[in-house]
Amino acid sequence: MSKKFIKWLLVVIWLIVIFTFSAMNSNKSNDQSKGLIENTVSGTITVTDKIGITNINPTEEDIGAIVDNLNHPIRKVAHATVYFVLALLVLNALDTNKENLKKNVIITLIFCFLYSCTDEIHQTFIDGRTGQFIDCFIDTLGAGLGCSLVWLYLNKKAKIQ
């Protein structure tokens, strides 16, 4: 297999990962998010208590309130993060370098935005899920951050050489 094929295969695999997350019904998706947050919060409290940074013993109700408060913003950060990764994979598959950077960034942002739109449409067919244009904006913002980091890296690399 060629390197180019493998690079594009990674893009396709990541698109499938995004599709799979979007295909979860709202209850499963929400429970999965909350479970991860609860484990992280509980683990953090346990570790900080053991090493003496804190000395708190929150009730399950307190932890539940923390989880509820963190759930929405963390889910939005997750949106941006998966599209950040997608942008990096697409730029890599396009064999981006300093000479074709601008063109490839534009292609990548358009690709990520369009996939995000189709993903939000897909969610309208999933039980309890809705498609929200704000999520397309957040996804594209994540892709833009990924493109910006590649832009900075390649420009810095070019100055060093």
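Student: What distance separates the end C-alpha atoms of α1, and what span should its 20 residues have?

Tutor: The model is a predicted one. At 1.5 Å a residue, the 20 residues of α1 should span 28 Å. This agrees with the separation of the end C-alpha atoms in the model, which is 29 Å.

Student: Which residues of α1 are buried, and what arc do they cover around the axis?

Tutor: The buried residues in α1 are Val 11, Leu 15, Ile 18 and Ser 22. They lie on the same side of α1, because the arc that they cover around the axis is only 60°.

Student: How many disulfides does a search of the whole structure find?

Tutor: A disulfide requires two cysteine sulfur atoms within 2.5 Å. The sulfur of Cys 117, a buried residue at 18% relative accessible area, is 3.9 Å from the closest cysteine sulfur, in Cys 136, which is too far for a bond. Cys 112 is buried at 0%. The search of the whole structure finds 0 disulfides, and for Cys 112 the nearest cysteine sulfur, that of Cys 147, is at 6.5 Å.

Student: Which residue forms a salt bridge with Lys 4, and how far apart in sequence are the parts that the pair ties together?

Tutor: The closest N and O atoms of Lys 4 and Asp 95 are 3.3 Å apart, and the two residues form a salt bridge. Lys 4 lies in helix α1, whereas Asp 95 lies in the loop between α3 and α4, so the parts tied together by the pair are separated in sequence by 91 residues.

Student: What is the distance between the closest N and O atoms in the salt bridge of Lys 76 with Asp 135, and are these residues buried or exposed?

Tutor: Lys 76 lies in helix α3 and Asp 135 in helix α5, so the pair ties together parts that are 59 residues apart in sequence. Lys 76 is buried, with a relative accessible area of 17%, and Asp 135 is buried, with 4%. The closest N and O atoms of the pair are separated by 2.6 Å.

How values were computed:
Residues are numbered from 1 along each chain as its sequence is written. This is a predicted model: local features need pLDDT of at least 70, side-chain atom pairs count only at pLDDT 80 or more; totals for chains, interfaces and linings use all residues. Side-chain values use heavy atoms; hydrogens and water are left out. Buried means under 20% relative accessible area, exposed over 50%, partly exposed in between (1.4 Å probe, protein chains only). Helices (H or I, at least four residues) and strands (E, at least two) are DSSP runs, numbered from the N terminus. The expected span of a helix is 1.5 Å times one less than its number of residues. The arc is that of the directions from the helix axis to the C-beta atoms. A salt bridge is a side-chain nitrogen of Lys or Arg within 4 Å of a carboxyl oxygen of Asp or Glu.
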